[in-house]
Number of protein chains: 2
Amino acid sequence: MNPARRAINAEGAPDQIAEFGPDEPLKLDAGYDLSPLRIAYNTYGTLNAEKSNAVLVCHALTGDHFAASPSPVTGKPGWWSSLIGPGLPIDTNRFFVICSNVVGGCMGTTGPASVDPRTGEPYGVTLPVITIRDMVRAQAMLVDRLGIDTLFAVVGGSMGGMQVLQWAVSYPERVFAALPIATGARHSSQNIAFHEVGRQAVMADPDWAGGRYLALGKRPAKGLAVARMAAHVTYLSEAALTRKFGRTLQDRDKLGFGFDADFQIESYLRYQGTTFVDRFDANSYLYMTRAMDYFDIAADYGGSLAEAFRDTTTRFCLVSFTSDWLFPTEENRAVVHALNAAAASVSFVEIETDRGHDAFLLDEPHFYAAVDGFLSSAARARGLQP
Amino acid sequence: MNPARRAINAEGAPDQIAEFGPDEPLKLDAGYDLSPLRIAYNTYGTLNAEKSNAVLVCHALTGDHFAASPSPVTGKPGWWSSLIGPGLPIDTNRFFVICSNVVGGCMGTTGPASVDPRTGEPYGVTLPVITIRDMVRAQAMLVDRLGIDTLFAVVGGSMGGMQVLQWAVSYPERVFAALPIATGARHSSQNIAFHEVGRQAVMADPDWAGGRYLALGKRPAKGLAVARMAAHVTYLSEAALTRKFGRTLQDRDKLGFGFDADFQIESYLRYQGTTFVDRFDANSYLYMTRAMDYFDIAADYGGSLAEAFRDTTTRFCLVSFTSDWLFPTEENRAVVHALNAAAASVSFVEIETDRGHDAFLLDEPHFYAAVDGFLSSAARARGLQP
């Protein structure tokens, strides 16, 4: 554990841990029982007496459960701290917000860096492949543990949005409202391709050592940095890159005629790569990308996405961003069409922005207004006190 | 040299070599004289008595001078063999086609794998950074050597298109017709970003050894393969990937729950990566990507692209492809607008296709018709015999 993190935990204990012993294994889609299981999570706000005001927030690929409190690793504010809090769209004066680190992650929940009790060594890539459904199944165990029957809402973007959709399919009766953002019902060929590039970058690093780097005291830092750089380009849009960086040179009046970072975009990307390595586990990166690649809701329903949502009573609001080319509007709209075909209650908001896929993590007023409006309306329907 | 290549050269001598000694150094933008200089090239067709029917074909990032004859390395047909030949749009019954390997390349022209006469070792990254203008300057030396004053046409796609534009700017009086395809007058921030990912992938490989791998008998094969994989995704379109691969699994009935190639797109990409390593030099990859990144015609003309083309008498035809997101139509159109502002003769064709940037290398009938139409019309204007 990162020393800074330990200190913060000792001081403020920002995260909580739910342990599940041998009698409560996590049934994995890969066909294994994962046990013991440890889930790290944070909560914000207060659960009401009826336990009817719980909002589960699902994090994205490299996110964590520090959605609305500072990350003990980076010291930065929670990744949705401008969306979740008192008086904010996900209003902690009103809602009880739960955010857990996903299974396979590296921030406290059981993942490839956890010690396999059978060997006494970190799992590495001997951990079975984790699916989005596995992540959701683990979250359901946590929600059970908290004594909550029905979630008022499940909210998340990107991989978090996949979890929202999976919740609505796996546990339709337990989700009153679902807010999947910048996501899709399956990972596209292009997205799988970019993930495969990232995995190959990690695995090409000799310090990855077949996934056993932790046991050997190594870290595939260079490979993981390259993977992050490649992925990061896909989170932005060409327009945003041109606006923010263009061809502006890095602290130089002219080209350097070498392979150092000449352009600001190069040093920005290198920074994204190196800082990521300080906060994320390389094997977790493999597992998270694989979980997204495997995601394909319709595949479990004979190829029919509408069938997956049949008879749902959950109310949905989908949000996409115009410049998101990783999960373009059409991918989100495909879910809307399936929900329409299933006669579900669904609204859809496309937000005009040039900030690309990353927009779901940024301060986008129209996006925030959409979240606020949908949750407020659903809360009235649910009879929650304003 | 690849043994297969030597054999083919011995049999058919498909490529020719122009050598430039100490009295004819190549003046590089980086401020150095490159000498000796060796240019490998191929020609197709016959130069007429007036020397007025020469078409210079410029290759792209990982291309070579085997435009219309089989590559001695891969054994595959020339990369534009369906465009260049008797009766084809670039008709070798009519035109004398020249295609040379660019400076900095790895197929016979002086590049980082060439031996530095001062050290007796391959240049590696001690070779000065090469620019598109340097490539064009070297081509002009070759054209001089061939005794050709004015080129009937200069044609190329992607990085080849950049060379076409640079020819029209550097030697306007020597270019009768210019056909830049799927290109732009400068490299965008997003494109620099993807190139930087590729370079970092190469340089992250310990076998790159600071660029000295050839002298040490090593090759950064894994890093270069990752770079190629990342780049290859950008050459295609999401629509084409979905059409060709979708989420189709690789010789399996179901998911493998591991990190082997599960999806066809994964094995396709891995194949692209590993086969590229067999035919391309890693340092050349760094130099080619850098040359493209540095390309910005307007920067040499006070930021005005129109100024760069002032008083040009060259006739232009630009071609873009609707699904090309690396050099989208708007980048091509920016060149058209500048040419319009410079009162140049210019036509512009946007080809509807879902095949992405790669379309310029593929059999696209409307594209071929555009090339044919433009060159035929220009040939009439030039008074060339049909």
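**Interfaces between chains and between domains**

Across the interface of chain A and chain B in this predicted model, 30 residue pairs are in polar contact, both residues of each pair being at pLDDT 80 or more. Five elements of chain A give two or more residues to the side that touches chain B: helix 4 (189-204), helix 5 (221-235), helix 6 (238-244), helix 7 (264-279) and helix 8 (282-294). Helix 4 of chain A provides the largest share of that side, with twelve residues. Sorted by class, the side of chain A that touches chain B comprises 30 nonpolar, eleven polar and 15 charged residues.

Ten salt bridges are counted between chain A and chain B. One of them joins B:Arg290 to A:Asp262, with 3.0 Å between the closest N and O atoms. In total, 56 residues of chain A are in contact with 56 residues of chain B. The two chains bury about 4700 Å² between them, and 67% of this area lies on carbon and sulfur atoms. Of the area that chain A buries against chain B, 18% is supplied by A:Arg247, A:Phe257 and A:Phe259, more than by any other three residues.

Chain A is superposed on chain B by a rotation of 180° with 0.0 Å of shift along its axis, at an RMSD of 0.0 Å. This is the relation of a two-fold axis. Of the interface residues of chain A, 100% are also interface residues in chain B, so the copies meet through the same surface.

Within chain A, the domain assignment gives domain 1 (3-187 + 300-382) and domain 2 (191-290). The contact between these domains takes 33 residues from domain 1 of chain A and 33 residues from domain 2 of chain A. Taken over C-alpha atoms, the centres of the two domains are separated by 25 Å.

Domain 1 and domain 2 of chain A bury about 2700 Å² between them, 63% of it on carbon and sulfur atoms. A:Leu61, A:Thr62 and A:His187 account for 24% of the area that domain 1 buries against domain 2, more than any other three residues. Two salt bridges are found across this domain interface. A salt bridge also links A:Asp354 with A:Arg243, where the closest N and O atoms are 2.6 Å apart. Between the two domains of chain A, 14 residue pairs are in polar contact, again with both residues at pLDDT 80 or more. The side of domain 1 that touches domain 2 in chain A consists of 18 nonpolar, eleven polar and four charged residues.

Note on methods. Residues numbered from 1 in each chain as written. Chains lettered and ligands numbered in written order. Predicted model: local features only at pLDDT ≥ 70, side-chain atom pairs only at ≥ 80, totals over all residues. Heavy atoms only, no water. Domains from an automatic or database assignment. Contact = heavy atoms within 4.5 Å. Buried area = accessible area lost by both parts, 1.4 Å probe. Salt bridge = Lys/Arg side-chain N within 4 Å of Asp/Glu carboxyl O. Polar contact = N/O pair within 3.5 Å; in protein donor to acceptor, adjacent residues only side chain to side chain. Nonpolar A, V, L, I, M, F, W, Y, C, P; charged D, E, K, R; others polar. Least-squares fit on C-alpha atoms with pLDDT ≥ 70 in both. Helix = DSSP H or I, 4+ residues; strand = E, 2+ residues; numbered from the N terminus.
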